[in-house]
Amino acid sequence: MKNSRREFLSLSMMLGLSSVVQSSPLSQLINIQPSDKKLKILILGGTSFLGPHQIAYALKRGHEVSTFTRGKTKPKIHPELFSKVEQLVGDREDNLEALKNRKWDVVIDNSGRKTKWTEDTAKLLVDNVGYYMYTSSVSVYYPFFGNDFSETRKVITEMPSDAKPEEKGTYEYGIMKATSELAAINTFGKDRSIIVRPHLIVGPGDPTDRFPYWLARVEKGGDFIIPGSKDEVVQYIDVRDLAEWMIRLAENKASGTYNGAGPEFEMTTNAFVHGIHANYNVPINYIQIDDNDFLQENGLYGIQPWVIQLPEYAGMSKTNNSKAIASGLTFRSLSDTVVATKNWWYSDAVSQERRDNILGGPNSLMQREKDILEKWKARKGK
C-alpha cells in the first residue's frame with residue numbers, strides 16, 4: 001500500500017476499472033431468471049474485473065454478448081463463459097475495424113481511458129447501436145467539498161489554475177471521465193446515453209489490494225488500527241451488484257446518469273470493520289486513531305476503503321444513490337461481499353506471491369503497524 005500523499009492522490013483514488021483475475025462457475029447464478037428482453041450487447045473491454053461479471057449475468061439473462069479487446073488479457077473471472085462470447089479483436093487507439101458494419105442493441109464502454117477513444121467508438125457505432133452506456137466514476141465530482149453529490153452536481157471538465165501538483169493526477173482522471181461522458185452524450189444524445197458513475201468497486205476479482213488488504217489484515221487478528229473517528233461513513237459497491245444493475249439498465253433502456261454507490265444505508269467505518277470481522281473467528285483488539293494530524297503524519301489518511309481525512313475528500317462517502325436505487329440497483333450484504341472476496345482470494349486466480357505481499361511486502365501497512373502504535377501510545381501518554 002502506498003503511503004505518500006502524492007502517490008495516493010495521483011493513483012489510489014482513480015476509481016475505475018483495471019485488470020484482475022478470478023474464476024467462478026456460472027452454476028452459482030442459478031437464481032437469476034431469464035429476461036424477456038433479449039439483447040445483443042457489445043462490451044468494450046470485458047476480460048478484466050467488471051466485464052466478466054456483466055457477461056455472466058447477461059448470458060444467464062439470455063442475451064448475446066460480444067467483446068472488443070486487444071486480445072492480450074486471458075480472462076480468469078468466469079473463464080468458462082468466454083467460449084459463449086463473440087470475441088472481437090482490435091485496438092481503441094487505432095484499429096476499430098472489427099466494429100464496422102455491425103449492429104448491437106447496446107454498447108457498454110468499460111475500457112474508455114481516453115476521451116478520444118469514446119468519441120471514436122461512439123461516432124463509429126451511433127447508426128448501428130441503440131444505446132451507449134459509459135462506465136464513468138464518482139471521480140468526476142472531485143474535489144469532494146460540500147454535501148450534494150447527486151447526479152446534478154457540476155463535474156470537473158478543466159484543470160483548475162490553482163491545482164496543486166500532487167492533485168493533478170486525480171484531476172486528470174476525473175476530467176477524462178467527465179469529458180468522455182460528454183463525448184458519448186454529444187454523439188448518441190441524452191435519450192440514447194446511459195452514464196454510470198461507480199464508487200469504489202470491491203468484491204471477487206478486485207485488481208487492487210485496497211479491500212483485500214483489510215480482509216487479510218482482519219484474518220490476522222491482534223492489535224488493529226481503525227483510522228478516523230467512529231462516526232465517519234464509508235461507501236463502496238460490490239462488483240456483482242454493479243454489473244447486474246448495469247445489464248438491467250440496458251434492458252430497461254434507462255437513459256440518463258446514475259451514481260453507482262452503496263450500501264443502501266449509512267454505514268460507519270466501525271460498523272464496516274466489525275461487519276468484516278464477523279466473518280472471521282479471530283480475536284482482535286481495536287485501536288481507534290482519531291487524530292487527523294497523526295494519521296497524516298504516519299500515512300494513514302489514504303487507506304481505502306476508509307474515509308480519507310483530507311478536506312478535498314470529505315464528501316466522497318456522501319454520494320447520493322437514491323436515483324440508482326429507484327432504477328433497480330440492489331445490494332448484497334457486506335458478509336456476502338467478504339465471503340465471495342475471501343473465496344476468490346484463496347483460489348488459483350490469485351498468486352501466492354500476491355497473497356504473501358499484501359501483508360509482508362515492503363509497502364504494506366502491516367509492516368508499519370507496530371511502530372505506528374508505539375508512536376500513538378506515546379502521543380496519548382503525553
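A salt bridge is a side-chain nitrogen of Lys or Arg within 4 Å of a carboxyl oxygen of Asp or Glu. Lys375 and Asp371 form one, with N and O 3.4 Å apart. Both residues sit in helix α12 (residues 369-380), 4 residues apart, which is about one turn of the helix. Helices here are DSSP runs of H or I with at least four residues, strands are runs of E with at least two, and both are numbered from the N terminus.

Before we go on, a word about the model. It is a predicted one, where local features need pLDDT of at least 70 and side-chain atom pairs count only at pLDDT 80 or more, while totals for chains, interfaces and linings use all residues. Residues are numbered from 1 along each chain as its sequence is written, and side-chain values use heavy atoms, leaving out hydrogens and water.

Back to our pair: how open are these side chains? Lys375 has a value of 40%, so Lys375 is partly exposed. Asp371 is partly exposed because its relative accessibility is 40%.

By the salt-bridge rule, the count comes to 16. Look next at helix α3 (residues 115-125), where Lys116 and Asp120 are separated by about one helical turn because they are 4 residues apart. Their side chains meet in a salt bridge of 2.6 Å, N to O. Lys116, at 43%, counts as partly exposed, and Asp120 at 23% does too.

Which salt bridge links distant parts of the chain, 16 residues apart? Glu86 pairs with Arg102, their closest N and O atoms being 2.9 Å apart. Glu86 belongs to strand β3 (residues 86-89), whereas Arg102 lies in the loop between β3 and β4 (104-109). Glu86 is partly exposed at 31%; Arg102 is partly exposed at 23%. Salt bridges can also form a network, as they do for Asp238, Arg240 and Asp336.

Glu244, in helix α6 (residues 239-251), has 13% relative accessibility and so counts as buried. Setting aside residues up to four places away in sequence, Glu244 touches Tyr57 and Arg332. Contact here means heavy atoms within 4.5 Å.

Now let us see how two helices meet. Two packed helices are described by the angle between their axes and the distance between the axes. The axes of α5 (residues 210-220) and α11 (residues 352-360) come within 10 Å and cross at roughly 75 degrees. That makes α5 roughly perpendicular to α11. In this meeting, Pro212, Tyr213, Ala216, Arg217 and Lys220 of α5 touch Arg354, Ile358 and Leu359 of α11. Sorted by class, the contact has 5 nonpolar, no polar and 3 charged residues.

Finally, turn to the nonpolar cores. A nonpolar core is a set of buried Ala, Val, Leu, Ile, Met, Phe, Trp, Tyr and Cys residues joined through side-chain atoms within 4.5 Å. The largest core has 38 residues, and Phe272, Ile276 and Ile289 touch the most other members. Helix α5 supplies the largest share of this core, 6 residues. Leaving aside neighbours within four places in sequence, Ile276 is in contact with Phe211, Leu215, Val218, Leu334 and Val338. A second, separate core has 36 residues, including Ile55, Ile237, Ala243 and Trp245.

Technical notes
Axes fitted to C-alpha atoms, helices over the stretch in contact; angles between N-to-C directions. Parallel < 35°, antiparallel > 145°, perpendicular 65-115°, else oblique. Nonpolar A, V, L, I, M, F, W, Y, C, P; charged D, E, K, R; others polar. Buried < 20%, exposed > 50% of the residue type's maximum accessible area, 1.4 Å probe, protein only.
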